[in-house]
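Work through the exercises below with the sequence and the model open. Try each task before you read its solution.

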Amino acid sequence: MSNRDDLLAGMPVAVEQPQTTPLGEIGEPALDYELGEGAEPVPLTQWQLFLRRFLRHKAAVVAVFVLVLLYVACFGAAWIAPYDQNQQDLVLGPVSPNADHLLGTDLLGRDTLTEVLFAGQISLRIGMAVALISTVVGTALGLLAGFYGNWVDQFLMRMTDLFLIMPGIAILALALQRFGGSPLTVTLVLAALFWMWIARVVRGQTLALKEKEFVEAARAVGASGPRIMGRHILPNCVGPIVVNATLQVAVAIITESTLSFLGFGVQPPTTSWGNMLADAKGFFNINSHLLYFPGIAILVTVLAVNTLGDGLRDALDPHAKH
Amino acid sequence: MTIVESSPVDGAAPAGPPLLRVTDLVKEFALTGGLVRRRVGTVKAVSGVSFDVDRHQTLGVVGESGCGKSTTGRCVLQLLTPTSGSVEFEGVDLVGLGNRELRALRPRMQIVFQDPFASLNPRMTVESIISEPFRVHGRYKVDERARVKELMRLVGLRPEHVNRYPHEFSGGQRQRIGVARALALDPDLLVLDEPVSALDVSIQAGVVNLLEELQEALGLAYLFIAHDLAVVRHISDVVAVMYLGKIVEMAPSDELYENPAHPYTQALMSAVPVPDPRVQRQRERIILPGDPPSPVDPPSGCRFRTRCWHRQELQDAGTDTSICAEQEPLLEIHSSRGIGHQAACHFPEVREVV
Amino acid sequence: MRWIRTRSTDPAASGADSAVTAGDDVFDALPPTGDGDGAVLDISVVPDRETWHGPLLEVRDLSVSFKTDEGVVHAVDSLSFEVRDDETLGIVGESGSGKSVTSMAILGLLPRTATVTGEILFRGRNLLGLREKALETIRGREIAMVFQDALTALNPVFTVGSQIAEAIGAHNEVSDAEMSERVVELLALVGIPNPRERAGQYPHEFSGGMRQRAMIAMSIANEPAVLIADEPTTALDVTIQAQVLDVLERIQDRTQSSILLITHDLGVVAGVADRVMVMYAGRQAEIGLIEEIFYEPAHPYTKGLLASLPRFDRRTSERLHRIVGQPPSLIYRPPGCAFHPRCPRSEVPGLCNQHLPPLVETSPTHASACHFADDVQAAALEEIVLPDDILLSEPVTPGDDAPPEDAT
């Protein structure tokens, strides 16, 4: 037992002192001691511990608020935005931020704030969808590869390598030509480019967990492979998966923005932050607000998501528990 | 390798074939290395082990790390596939048995692990852990919870704690949960792989007592694998000592401890400290030189010969011990000791080492 | 002259390792440190052996606590004891007893999150107040430590020889050639065959027992006055354990250092200790000479512990004695005596569960932290312990005052 184990082993989280003295019948039960108000050792559930640790990460808590705000603002754009989407005012043209248009307007007189909010729906949706799909696919493949090993592992790992070396932009460009530049296409292509990371992480976790005694115990009982993977291994990978998925949202948003900026992503008339940037790039000198605000939106979102991911990682660390 | 006969315990003759008969069990692991992952060597973890376990009996297997005792335990349950040899459970050879038949037999033989932290899924409640065997085999569908609580009571845990998670229990309690899980399907045989080694000393006694009481109450047979000679003596009927993949001595418990005949057993026993200062300071200690050889390349003939102090003594006295290097000693009845005491040595000599 | 010059003439002392004889006079070769003889780091922080006549190491009222996610852990609580010259003090305790934390506190190796109060007096000088620089002159030189897991305690990217050399070099000015000689001699002293070759090898090329011995070599390189061995053999096989304990004994014979042996294994302690201190839940339960502790224990915990050990030298047919319950949480330690929830003796309400037991001296050398120390010592085990409880299912009837034991 290491020194740290020595420290931590002495404090089982739930210590219920026996309610009566072992000698019981002799006189009064001697163990009616009071530990003082509220000092009873109560088991902290894993959820409570997680919350405690997470709440200690001030930045992450702020990030949660920011993200909530962002989501509410973007998805509630129909109610919040001062103007309708795509509402043009050709007479007005592009203006800098003023009282009427808090973030200014673009070439066609469309209110920037409104556009940013609606575009946010697309960018955020794509970000989340990509993270979700790639996580599901990556987790499944990682589990299979790690658990079954041998040729299954070899095959899946080679597939992973294959996807890793594929040039994303080229693929995306091809896909766009073939299937059109809808958010759906972009989502699917990006997901196809991101699942490998999660797959590797999950595979690693699976390999480690496979050797644990509780998995051996399940095998000794006669549990089938799928049961072990689903009941024993997967729940214990949740930490890294959640963290990874969160960070993927950020990466997806940035990637989508970059691609849209370059013209390979979401195509107009659908707006995303990325193609707002694309539209603005010619006008940097005159109408810099058209570049800043979508850019800030991306920046804030990505920062918040990353910070959240950090907080989650610290809070979910399972090793400090034992 | 000679088939070992069941050793009668307390004079009672075994009824019918033994519950478990292991014959010539061999388990080797391939060592791969190099770019192309060729096989560069073989770890001979278990090299021809044979023993019987009767119903209601406890066979203790002791040895130090690398002797192959844990591997043996896992091979018995087919958690590792033996390289060769047979493992007969009530006459049915488990090695090479089809998946379905093996699965059907699994409820009859279960395992309790060493590490109370790692042997329970931290994400599952106690109820889920203990009832998993039910789910896998489709039993107790109706009164599953009742059965779980009954099992918890059986191992000395409070049934109200069914919904708690492993981390809310202490080490000893977790080990009890592991026992409860192993008992879920009414097994006949339990393989216990160092069940108390990871527990505090003051907790070990409780779990050992529990195991003994359960054995009596439920009629279990135990294959008790451990490195702690004291616990093994206490709980076992027959004890086998392993070294580098082989059984070097096997005898009824008291007989082995009082009259060890193999030099390794003697060295092992002399090295175990006794918690009694006067006794401990008077004892003669046999210090074995060096480290155990690697199981990849075990010595020829007798595997213990490179560290055997007895051989050294004999050589000093002028006896020719070349047979030790040339011929592997078989586990044979040690004639002067009578029934059931076997030692694998060319020059066995009883010696009291306390 | 601090160094002991003895040349071993007893061939049996070197065990079966024939290589040991080369190292017998290693300490003759090392010049004394602290005598101003080429010793650069001669900061005389503590008095020399010759000038100090009190206890070598004295711990007074040591308390250590840590802040954690679940609360404040009181790892050690008001611990006091002393270590004298040329003795082996065994500190026995289970997990959570605070024994390892104590040893780390002595060497100042606790993390910054630890709050340490009390005094640790080494030859009269309080180590707890010292600055890191001053502590460094003591660590490895006057007080050295051998850890449990040699694999992680040794740096895997440096050769064993260089690590031993580092230990020597930290406190002495020595030429390279001399340094290599000393390293080889030290390795030979701890019984490592082919020491010259081995000195150039890496830790992973050593077996567990050899690594432990290499660590011992590192720790005695400067002939410390106190050697703290924290569970030195716990991770080792029993035959290797015997080798390592043998080495420790021989080292002590030669250097006359005091050894603070921390372990949970009462058998190990029985073989090598002069005095024993039993710790429970961060406090001292009992302290005394080895015979007193083993044959006349005066604390219910010690008594119960000794009785619960299965003996491999005897036939046992009865159940093992057990101590009910489990060690307490160090965050919510029971008030009064930490052991009282598990103690068969704590039937007097208001005493054991409220008042911290004082150290009762049952003899000049023997003290126990129990209100009833004398009674406990005098009573036979059966009188102070419970009849064995039944573990198998007992029906729980509603309204039953004594639910089935939630025990370990």
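A residue is buried if 20 or more other C-beta atoms lie within 10 Å of its own, exposed if 12 or fewer, and partly exposed in between; the C-beta atoms are placed from the backbone. This is a predicted model, in which local features need pLDDT of at least 70 and side-chain atom pairs count only at pLDDT 80 or more, while totals for chains, interfaces and linings use all residues. Residues are numbered from 1 along each chain as its sequence is written, and chains are lettered from A and ligands numbered from 1 in the order in which they are written.

**Exercise 1. Leu227(C)**

Task: Decide why Leu227(C) counts as buried, and list what Leu227(C) touches.

Solution. Start with its place. Leu227(C) lies in strand β7 (residues 226-230) of chain C. Helices (H or I, at least four residues) and strands (E, at least two) are DSSP runs, numbered from the N terminus. Next, count neighbours. Leu227(C) has 24 C-beta neighbours inside 10 Å, so it counts as buried. Then list contacts. Two residues are in contact if their C-beta atoms, placed from the backbone, lie within 7 Å. Leaving out residues up to four places away in sequence, Leu227(C) touches Ala144(C), Val146(C), Ser219(C), Ile220(C), Ser257(C) and Ile259(C). Finally, take a distance. Ile323(C) is 96 residues apart from Leu227(C) along the chain, and their C-alpha atoms are separated by 32 Å.

**Exercise 2. Strand β3 of chain B**

Task: Find which way the residues of β3(B) point, and which strands pair with β3(B).

Solution. Check cover. β3 (residues 58-62) of chain B has 5 of its 5 residues buried. Now sort the directions. In a regular strand the side chains alternate between the two faces of the sheet. Thr58(B), Gly60(B) and Val62(B) point one way, Leu59(B) and Val61(B) the other way, and all are buried.

Then look for partners. Two strands pair if DSSP finds at least two bridges between them. β3(B) pairs in the parallel sense with β8 (residues 221-226) of chain B over 5 bridges. β3(B) also pairs in the parallel sense with β9 (residues 238-243) of chain B, over 4 bridges.

**Exercise 3. A sheet in chain C**

Task: Give the strand order of the open sheet of 4 strands in chain C, and name its edge strands.

Solution. Read the order. The strands run β2-β1-β4-β5 (chain C), with antiparallel pairing. Find the edges. β2 and β5 (125-126) of chain C each pair on one side only. Inspect one pair. β4 (residues 114-122) of chain C is joined to β5(C) by 2 bridges, and the two run antiparallel. Here Leu121(C) stands opposite Asn126(C) of β5(C).

**Exercise 4. Chain B against chain C**

Task: Say which helix gives the most to the side of chain B that touches chain C.

Solution. Count residues. Chain B puts 50 residues into the contact and chain C puts in 52. List the helices. Those of chain B supplying at least two residues each include α4 (144-154), α5 (171-183) and α6 (201-218). α6(B) gives the most, with 11 residues.

**Exercise 5. Chain B as a whole**

Task: Explain why chain B is as compact as a globular protein of its length.

Solution. List the parts. Chain B has 12 helices and 12 strands. Apply the globule rule, which is 2.2 Å times the number of residues to the power 0.38; the radius of gyration is taken over C-alpha atoms. For 354 residues the rule gives 20 Å, and chain B comes to 21 Å, which is close, so chain B is as compact as a globular protein of that length. Finish with cover. Buried residues make up 54% of chain B.
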